[in-house]
Amino acid sequence: MNTSETLADLVAAEDVLLFVNAAITATGQREFRSDAVGQRLSLDFLHAYVRVNYRRVYASSLALDINDHNAVRIVLGLLETAGEASAEERRTEGRLIAARLALLPPQRVYRLFGEVRRAGINNRRTRAIMRDWLAARPDLGHDAVKYRGGVKTAARHIHLRCPEGAGPLAEVGAFLFRPGRLPRYEHRLLDAWRRAHYEQGAVAELPFTVAEGFAARHGMKREVFLKRAAPRMTRLERLRTHAVAQRPDVDLTVMPLTRLALYVLSLPFDQRAARRTELTGALRTAARRAAGGHAGSWGRVHAVLDDSFSSSGSGQKRRRPLAVALAGHHLLEALAAPGAYRGLWTSGRGDALLVRPWGPTPLGMRVLDALGPGPGGAAPDRLVIVSDGWDNAPAGLAGEVLRVWRKRLDPGRRTAVVHVNPVYDADGFDVRRLAAGVPTAGIRDAEDLPALVEIARFAEDRTGAAELHAYLDRRVALFLGEKETVS
């Protein structure tokens, strides 16, 4: 292979990693140092650039741990530009789209279908994907009540046949397009929605988000409504309405790790301290579940965790970077060998449960501490840095420390160093990096950390596009092998 081909491969690999980092972290929302407009413009450019130049990679990204916002954008981009793909590419893309839609929350899928209709995308493949997704829904009547506008839009777009007469589909059709025609519905939720207009007792039978509107219409007291609705609320709805604090029997350990960390950080310090045993136990249980088969396999692990003021996030993503650091702290403890973990917060605090966004970001000093001997007097096998990368006390020290460490003190790479960054830098079209020789990966949920460490190694090894494409092909094969597919 000549020099120009090698350089082209390296550029392609860099472009792919750039996009994957953005697709994992960016949501088009305001961050601490950039506004929502800048985030959206940056994402618009990246999506267009990668779709046009690396369409295969663009579609394959659906098999990675990207966030839902970018997954929806990729699906819409592929459907809008189906004419630019070959027949074989369209078949693979159809399977990837169907598999990814099966994983997305239904409300996001219905919003996507609305965008598809507004964009005028109405080819046979798109209608087949929408029709098969609707057919796979466990209870279309439930969806019709909870996501009425979305189901109605999708049904119109694919010309869903809802015959008159008896049967579940006939009732859904009457509910959506001929309201008031039937005196009652056989489907429990459809009939509860009908009765809730005049019967207060039927309100509690409805999904929480629908019941809230009827409760307000009937003038129900909030406390009474929440008590009646609690059995039908999702775990997230219970957290959002503070029902967990009122119902100590709720098991926090079933919550996803990062979402649980967000909940913990939303509590006042006195509640965190009073519930220390419960909250710490829940975080550790969730971390062990997230670690899975990797638990205890990472040897000696040291972590530098960013709790500087910028970890407060933004009004749209409140405390998200700090929550990733807190969840990562517990996950890394589970991944490390027993008793071989050491977590260092940039603020110098030693109590992870009481962390708060505060002060500058002295990453360099904490990296120095983390590279030193830990439990047992030995250097770490892995150093993981969870930070937005804005090293400012003093500026640039962390990058210099890591450069000297890698070049002079550890050229044999006995200690693996990786930086995971939960914040997308719109100006740089990537997550901010600490040093050229340190692999950096974007992260949204701490649960994805083991997989992201594997992706980050491509940035360090500079192996080019071939190995990266082979990795993507493996992920696609695994992803499609576990899902129902649509041609």
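# Briefing: cores, salt bridges and a pocket

Arg55 is buried, with a relative accessible area of 9%. Its side chain meets that of Glu84 in a salt bridge, 3.9 Å from N to O. The model is a predicted one.

**Salt bridges**

- Side chains of opposite charge can pair when their charged atoms come close.
- The count of salt bridges comes to 28.
- The pair of Glu84 and Arg55 links distant parts of the chain, 29 residues apart.
- Glu84 sits in the loop between α4 (68–80) and α5 (87–103), while Arg55 belongs to helix α3 (residues 55–60).
- Is Glu84 buried or exposed? Glu84 has a relative accessible area of 52%, and it counts as exposed because the cut-off is over 50%.
- Asp65 and Arg475 also join their side chains in a salt bridge, at 3.6 Å from N to O.
- This second pair spans 410 residues, from Asp65 in the loop between α3 and α4 to Arg475 in helix α23 (residues 465–481).
- Asp65 is partly exposed at 29% relative accessible area, whereas Arg475 is buried at 17%.
- Arg184 forms a salt bridge with Glu186, and their closest N and O atoms are 2.9 Å apart.
- Arg184 is partly exposed, with 47% relative accessibility, and Glu186 is exposed, with a relative accessible area of 62%.
- Which residues are linked in a network of salt bridges? They are Asp191, Arg194, Arg195, Glu199 and Glu205.

**Nonpolar cores**

- The largest nonpolar core holds 130 residues.
- Five of its members touch the most other members: Leu101, Leu206, Phe225, Leu260 and Leu332.
- Helix α19 (residues 320–335) gives the most to this core, with ten residues.
- Leu260 touches Leu252, Met255, Ala282, Leu283 and Ala286, once residues up to four places away in sequence are set aside.
- A second core is separate and has 16 residues, including Val367, Val401, Trp405 and Ala435.

**The largest pocket**

- The largest pocket has a volume of about 2000 Å³.
- Its lining is made of 44 residues.
- Which of these lie nearest the centre of the pocket? They are Leu236, Arg240, Arg259, Arg320 and Arg444.
- Several helices each supply at least two lining residues: α4, α5, α6 (106–119), α12 (208–218), α14 (235–240) and α16 (257–266).
- By type, the lining divides into 14 nonpolar, twelve polar and 18 charged residues.

**Helix α10**

- Helix α10 (residues 168–177) is mostly covered, with seven of its ten residues buried.
- Those buried residues are Ala170, Glu171, Val172, Gly173, Ala174, Phe175 and Leu176.
- What do the buried residues of α10 pack against? They pack against α8 (140–146), α9 (148–157) and α11 (188–196).

**Backbone details**

- Most residues other than glycine have a negative phi, and most peptide bonds are trans.
- Ala393 and Pro394 are joined by a cis peptide bond, with omega about -5°.
- Pro394 lies in the loop between β3 (382–386) and α21 (397–409).
- His159 is not a glycine, yet its phi is positive, at about 55°.
- His159 is in the loop between α9 and α10, and it counts as exposed at 58% relative accessibility.
- Arg319 is another residue other than glycine with a positive phi, near 60°.
- Arg319 is placed in the loop between β1 (301–305) and α19.

**A closer look at Thr253**

- Thr253 is found in the loop between α15 (243–246) and α16.
- Is Thr253 buried or exposed? Thr253 has a relative accessible area of 18%, so it falls under the 20% cut-off and counts as buried.
- Leaving aside neighbours within four places in sequence, Thr253 is in contact with Ala282, Thr285 and Arg289.
- Thr253 and Ala211 are 42 residues apart along the chain, and their C-alpha atoms are separated by 27 Å.

Key:
Residues are numbered from 1 along each chain as its sequence is written. This is a predicted model: local features need pLDDT of at least 70, side-chain atom pairs count only at pLDDT 80 or more; totals for chains, interfaces and linings use all residues. Side-chain values use heavy atoms; hydrogens and water are left out. A nonpolar core is a set of buried Ala, Val, Leu, Ile, Met, Phe, Trp, Tyr and Cys residues joined through side-chain atoms within 4.5 Å. Buried means under 20% relative accessible area, exposed over 50%, partly exposed in between (1.4 Å probe, protein chains only). Helices (H or I, at least four residues) and strands (E, at least two) are DSSP runs, numbered from the N terminus. Contact means heavy atoms within 4.5 Å. A salt bridge is a side-chain nitrogen of Lys or Arg within 4 Å of a carboxyl oxygen of Asp or Glu. On a 1 Å grid over the protein atoms alone, a cavity is a set of points where a 1.4 Å probe fits but cannot get out, and a pocket is an open set with protein on both sides within 12 Å along at least five of seven lines; lining residues have an atom within 4 Å of a point. Grid points are joined across faces, edges and corners, and a volume is the space filled by probe spheres set on the points. Ala, Val, Leu, Ile, Met, Phe, Trp, Tyr, Cys and Pro count as nonpolar, Asp, Glu, Lys and Arg as charged, and the others, Gly among them, as polar.
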